[in-house]
Amino acid sequence: MNQERNNQIVRRGMIFGVVFTLVAFPGLYFLLPHFQQELGLLQRLKLGVECLFFPGLFLLFLIIHVGSQRFGNSAEDPTKVVAGSEPMKIELRVLSNTHEQLLLFVINTMGLAVLLPFAYLSVLPIYSGLFVVGRFIFWAGYRHNVLWRAPGFAMSIVPAALGLLYCCAMMVFRFYT
């Protein structure tokens with residue numbers, strides 16, 4: 001494949017991931033139940049923490065998956081060989097990117113848990129679920145064809161960017177009012 005074709009595959013994947021995310025969030029928001037009463041700060045923080053469990057479980061799965069591949073080959077000593085095979089190199093890259101994305105997810109989730117208006121707090125569990133789905137699509141795509149990781153990447157990065165922009169805007173707005 002040439003670079004132009006590769007760019008087209010990645011672009012289409014990113015567009016698919018963005019569109020899926022922008023359709024899934026409001027679709028799930030209107031289909032799923034909402035909180036019935038305002039949550040206090042402690043309850044909001046608890047909700048934020050609860051939304052971290054499944055993404056954390058996915059990270060744990062990746063760590064165990066990579067660790068289990070180190071047994072019985074030269075990668076047992078990662079100071080000598082980082083990855084014992086090409087598939088393991090991919091798994092390490094997925095793990096690294098998921099770690100980066102999870103850091104943004106945690107900051108974003110906790111910020112949104114505190115700053116979102118009550119009526120929109122139900123997007124936090126949706127965000128958590130779509131984050132895990134996006135990371136799984138990223139992982140599966142990366143394993144099959146590295147260019148196919150784009151939809152999963154978009155499903156992780158777009159909500160993070162929008163959520164962090166919202167949190168920053170709210171902080172600036174609160175500072176000046």
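Figure 1. Of the contacts (heavy atoms within 4.5 Å) in the protein with a separation of 6 or more, 72% join residues 24 or more positions apart. The model is predicted, and local features need pLDDT of at least 70, side-chain atom pairs count only at pLDDT 80 or more, and totals for chains, interfaces and linings use all residues. Residues are numbered from 1 along each chain as its sequence is written, and side-chain values use heavy atoms, with hydrogens and water left out. The protein has 6 helices and 0 strands, where helices (H or I, at least four residues) and strands (E, at least two) are DSSP runs numbered from the N terminus. Along the sequence the pattern is α-α-α-α-α-α. Taken along the principal axes, the C-alpha atoms fill a box of roughly 55 × 40 × 35 Å. Of the 177 residues, 38% are buried (under 20% relative accessible area, with exposed meaning over 50% and partly exposed in between; 1.4 Å probe, protein chains only).

Figure 2. Pro55, Phe58, Leu59, Leu62 and Val66 of α3 are buried. These residues lie on the same side of α3, because they cover an arc of only 100° around the axis (taken from the directions from the helix axis to the C-beta atoms). The buried residues of α3 pack against α4 and α5. On the other side of α3, Phe53, Phe54 and Ile64 are exposed.

**Figure 3. The surroundings of Gln101.** Gln101 belongs to helix α4 and counts as buried because its relative accessibility is 5%. Neighbours within four places in sequence aside, Gln101 contacts Phe131, Arg135, Phe153, Ser156 and Ile157.

Figure 4. A pocket is an open set of points on a 1 Å grid over the protein atoms alone, where a 1.4 Å probe fits, with protein on both sides within 12 Å along at least five of seven lines; lining residues have an atom within 4 Å of a point. The largest pocket holds about 390 Å³ of space, the volume being that filled by probe spheres set on the points, which are joined across faces, edges and corners. Its lining numbers 17 residues, with Phe25, Val123, Pro159, Leu162 and Gly163 nearest the centre. Helices α1 (3–31), α4 (86–115), α5 (123–144) and α6 (150–175) each contribute at least two lining residues. The lining has 14 nonpolar, 3 polar and no charged residues (Ala, Val, Leu, Ile, Met, Phe, Trp, Tyr, Cys and Pro count as nonpolar, Asp, Glu, Lys and Arg as charged, and the others, Gly among them, as polar).
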